[in-house]
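Work through the exercises below with the structure open. Try each task before reading its solution.

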Amino acid sequence: MREIIQSLASIKEQFASSIPAFSSTADVEAARVRFLGKKGELTAVLRVMGGLTAEQRPIVGQQANEVRSFIEQSLAEKLSEIAALEASDRLKKQKIDVTLPGIMSQTGSRHPLTQVIDEICNIFLGLGYQIAEGPEVEFDEYAFERLRLPKGHPARDTQDTFYITDNILLRPQTSPVQVRVMEVSKPPIKIVCPGKVYRADTLDSTHSPIFHQIEGLVVDTNVTMGDLIGSLQLFAKKLFGDSTDIRLRPHHFPFTEPSCEVDISCWGCAGKGCRICKNEGWIEVLGAGMVHPEVLSGCGIDPEVYSGFAFGIGVERTAMGRFGIDDIRLLYENDMRFLRQFR
Ligand code: DAH
């Protein structure tokens, strides 16, 4: 019994002498395990109490309880002391100087091409059109053949593109979407289709092998060239201002008849002639026409009942005019100094 009482006393002493070294909650936890844990020192001593007599046991038991509650209480005190220290330490570290200037977060903005695409689409949405989309990797059939450009047709030259196989290519215009929409829907049809197009052109200040178009298509009963002109006039005024005029020049597209190219009165000089329009007074921004009857019938739409108009707007040209950009390459270089001007 003596030995046990001595062990208890020495546990208490050892514990007491280790207290000053506790410097973190982890130290306190380690001490709890060491002295009070299942495999701890106090437990080990209590385990041999079985060998004591009935008189000895309560005496030793009382001692053991004292040591246990001393340890428990000390651990609790130490723990709250250390926790308070750690909390105040954390606060010190996290102290912020509210007088320091803030860090500006960099917010992005829409690319000028995206801005123009959104603006144009919104104008047509306001006129009751819907947005349609089509694949950039397209079959020759949709890109050319069903638009009345059979293989070997000379008009393919101006739209030479990149071929993946003989029959799969990167679309050189958004016009194939017309066919894709018409073959799965019935008139009335009123859609605009914005998207990327590709041509085997060399990059210079006015050409790029990748650019954007917005295709428009309206098919219904009694659609006339007058509707086309009226719609494009309204579009031009909404985009470039009320004093803007349009001019139609006869042209040839195999998929429309009659066809035209459409100019917009120069936003720089209102038609007088300036650097932007190369003294022409007009700037070409789109091609258009009345959908060819064979294109309609090829999509299962009866040209005796329905007629339609279509147009294809050059987005880059429109954006360059709108923002006074004189080199198409600036639009693709991702130079922040350039892009920041269009926030
Ligand atoms: N796809 C033509 C081009 O890239 C533009 C065009 C002309 C689109 C007439 C049309 C259209 O829808 O009817 O030059």
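**Exercise 1. Helix α2 against helix α4**

At what angle do the axes of helix α2 (residues 25-36) and α4 cross, and within what distance do they come?

Solution. The model is a predicted one: local features need pLDDT of at least 70, side-chain atom pairs count only at pLDDT 80 or more, and totals for chains, interfaces and linings use all residues. Residues are numbered from 1 along each chain as its sequence is written, and side-chain values use heavy atoms, with hydrogens and water left out.

Step 1. Find the elements. Helices (H or I, at least four residues) and strands (E, at least two) are DSSP runs, numbered from the N terminus.

Step 2. Take the axes. They are lines fitted to C-alpha atoms, for helices over the stretch in contact, and angles run from 0 to 180 degrees between N-to-C directions. The axes of α2 and α4 cross at roughly 170° and come within 9 Å.

Step 3. Classify the angle. Under 35 degrees counts as roughly parallel, over 145 as roughly antiparallel, 65 to 115 as roughly perpendicular and the rest as oblique. The pair α2 and α4 is therefore roughly antiparallel.

Step 4. List the contact (heavy atoms within 4.5 Å). Helix α2 brings T25, V28, A31, R32, F35 and L36, while α4 brings R68, I71, E72, L75, K78, L79, I82 and E86.

Step 5. Sort by class. Ala, Val, Leu, Ile, Met, Phe, Trp, Tyr, Cys and Pro count as nonpolar, Asp, Glu, Lys and Arg as charged, and the others, Gly among them, as polar. The α2 contact with α4 holds 8 nonpolar, 1 polar and 5 charged residues.

**Exercise 2. Helix α1 against helix α4**

Describe how helix α1 (residues 2-18) packs on helix α4 (residues 56-93).

Solution. Step 1. The angle between α1 and α4 is about 10°, and their axes lie 10 Å apart. That makes the two helices roughly parallel.

Step 1. From α1, the contact uses I4, I5, L8, I11, K12, F15 and A16. From α4, it uses V60, Q63, A64, V67, F70, I71, S74 and L75.

Step 2. The classes of the α1 contact with α4 are 12 nonpolar, 2 polar and 1 charged.

**Exercise 3. Salt bridges**

How many salt bridges does the structure hold? Examine some of the pairs.

Solution. Step 1. Apply the rule: a side-chain nitrogen of Lys or Arg within 4 Å of a carboxyl oxygen of Asp or Glu. The structure holds 20 salt bridges.

Step 1. Take E183 and R146, whose closest N and O atoms are 2.9 Å apart. E183 is in helix α7 (residues 176-184), and R146 is in the loop between α6 (140-143) and β3 (168-170). The two are 37 residues apart, so this pair links distant parts of the chain.

Step 2. Take E261 and R249, with closest N and O atoms 3.1 Å apart. E261 lies in strand β7 (residues 256-265) and R249 in strand β6 (residues 246-253), so the bridge ties together parts 12 residues apart in sequence.

Step 3. E261 is buried at 13%, whereas R249 is partly exposed at 26%.

Step 4. Look for a network. D140, E145, K151 and R156 are linked by salt bridges in one.

**Exercise 4. Cysteines**

How many disulfides does the count come to?

Solution. Step 1. Require a pair of cysteine sulfur atoms within 2.5 Å. The count is 0 disulfides.

**Exercise 5. Backbone exceptions**

Which residues does a cis peptide bond with omega of about 5° join?

Solution. Step 1. Recall the background: most residues other than glycine have a negative phi, and most peptide bonds are trans.

Step 1. The cis bond joins P187 and P188. P188 sits in the loop between α7 and β4 (189-198). Another cis bond joins E257 and P258, with omega about -5°. P258 is found in strand β7.

Step 2. N222 is not a glycine, yet its phi is positive, near 60°. N222 is exposed, at 67% relative accessible area.

Technical notes: Buried means under 20% relative accessible area, exposed over 50%, partly exposed in between (1.4 Å probe, protein chains only).
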